[in-house]
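Q: Please take a close look at one part of this model. Say what lies around it and how its residues are placed.

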Amino acid sequence: MKVLLLGSSGLLGSEFLKILEAQEEIEYVAPSHRELDVMDFEAVDRFLAHEYFDRVLYCIAYTQVDRAEIEQGQCEQLNVDALKNIIAHRRPVIHFSTDYVFDAPKDLAIPENYPRQPLNFYGQSKVQAEELLEVSKNPFWNIRTSWLFGAERENFVSRILKIARTQDSIPVVTDQIGRPTYVKDLAAFVFEHFVKKEQPIGTYHLQNSGEPVSRADFAAFLLDKMNWMGELQRVPYEQFSERAVRPKNSMLQNTKLPFEMRDWKEATEAYLALPTTVDQ
Ligand SMILES: NC(=O)c1ccc[n+]([C@@H]2O[C@H](COP(=O)([O-])OP(=O)(O)OC[C@H]3O[C@@H](n4cnc5c(N)ncnc54)[C@H](OP(=O)(O)O)[C@@H]3O)[C@@H](O)[C@H]2O)c1
């Protein structure tokens with residue numbers, strides 16, 4: 001078996017790289033952005049022309065949700081056109097998508113086949129990517145996930161921890177509900193069940209398990225663990241001025257796999273216990 005990891009410097013991709021580096025059964029290649037720019041279609045064609053990969057772990061994406069509203073072209077080129085070029089080479093792809101493809105009613109645990117209705121351009125580009133995969137003849141596993149946190153890149157958890165070091169009051173949205181996902185858990189789960197084993201092709205929902213939580217309660221959980229003494233302001237979503245509209249419901253339901261990742265509380269505690277986490 002041979003794996004191609006793309007996006008190995010990112011929040012999720014860096015965890016796949018650690019897993020691949022620590023094992024010996026599977027051969028892999030993980031070119032950096034500088035070594036292989038997926039927007040250089042000819043370079044990608046040359047790279048893929050002579051090598052077969054049993055899995056492409058596609059962790060590349062344009063992920064700046066607010067900036068995507070003004071850089072729509074760049075977002076679409078990376079999230080859609082670059083993927084299209086890769087799948088033209090007919091290599092089995094593991095692609096990552098998002099809860100932002102939905103605008104589901106409050107309290108609904110969103111199944112994989114729920115109709116897509118993105119509220120922002122980033123979500124729209126991910127819908128386009130999913131549609132590409134679905135009409136291609138290429139084997140694919142499209143994994144929708146949400147609220148990623150981990151060590152390598154800025155994310156909700158690192159932002160809250162950073163703000164808590166300098167401020168004694170933090171505003172956080174009360175009415176966005178979902179489940180956080182620790183990238184270390186997601187990468188390990190995908191590696192075990194989608195790389196080393198084979199699942200039927202299609203779309204899957206993967207988050208850490210446990211009770212759904214609002215952004216504000218998740219922040220409260222983090223701040224409590226840090227013994228922060230400040231004030232958490234619980235603010236309705238409408239009072240936040242963000243360029244891109246976000247869905248209020250990010251509760252993804254896994255209806256396909258008979259196993260799940262650990263509870264987000266346990267995962268978050270494991271992350272916070274890492275010696276480097278609080279200094280980020
Ligand atoms: N973050 C979340 O909360 C979240 C939630 C749901 C779903 N997802 C999905 O999960 C996947 C992984 O997200 P992430 O947060 O780990 O992404 P990320 O941290 O933003 O990483 C993106 C990766 O893409 C690489 N990249 C960008 N442009 C490239 C190019 N032209 N050629 C080659 N590489 C390029 C980046 O490399 P350099 O930075 O080195 O240039 C980086 O390694 C994405 O599909 C995302 O949509 C993320």
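A: Two strands pair if DSSP finds at least two bridges between them. Strands (E, at least two residues) and helices (H or I, at least four) are DSSP runs, numbered from the N terminus. The model is predicted: local features need pLDDT of at least 70, side-chain atom pairs count only at pLDDT 80 or more, and totals for chains, interfaces and linings use all residues. Residue numbers start from 1 along each chain as its sequence is written.

Strand 8 covers residues 177-178 and pairs with strand 14 in the parallel sense, over two bridges.

Helix 7 spans residues 215-225, and its buried residues are R215, F218, A219, L222 and L223. Buried means 20 or more other C-beta atoms within 10 Å of a residue's own, exposed means 12 or fewer, and partly exposed lies in between, with C-beta atoms placed from the backbone. Seen down the axis of helix 7, these residues fall within an arc of 130 degrees (the arc of the directions from axis to C-beta atoms), so they line one face of the helix. An α-helix has 3.6 residues a turn, so residues three or four places apart point the same way.

What covers that buried face? Strand 12 is part of the cover, and so are helix 5 (156-166), strand 7 (169-173), strand 13 (231-235) and helix 8 (264-272). After helix 7 comes N227, with a positive phi near 55 degrees.

Take helix 8 next. Helix 7 and helix 8 pack at about 40 degrees, with their axes 11 Å apart (axes are lines fitted to C-alpha atoms, for helices over the stretch in contact, and angles run from 0 to 180 degrees between N-to-C directions). That makes helix 7 oblique to helix 8, because angles under 35 degrees count as roughly parallel, over 145 as roughly antiparallel, 65 to 115 as roughly perpendicular, and the rest as oblique. The crossing is right-handed (the near helix is turned clockwise from the far one by less than a right angle; anticlockwise is left-handed). On the helix 7 side, F221, L222 and K225 make the meeting. Helix 8 answers with K265, T268, E269 and L272. Contact here means C-beta atoms, placed from the backbone, within 7 Å.

Helix 5 is another neighbour. Its buried residues are V157, I160 and L161. Down the axis of helix 5 they fall within an arc of 95 degrees, so they line one face of that helix. These buried residues pack against strand 6 (148-149), strand 7 and helix 7. The face of helix 5 turned away from the buried side carries K162 and T166, which are exposed.

To sum up, helix 7 has its buried residues on one face, and the cover on them includes helix 5 and helix 8.

Methods: Contact = placed C-beta atoms within 7 Å.
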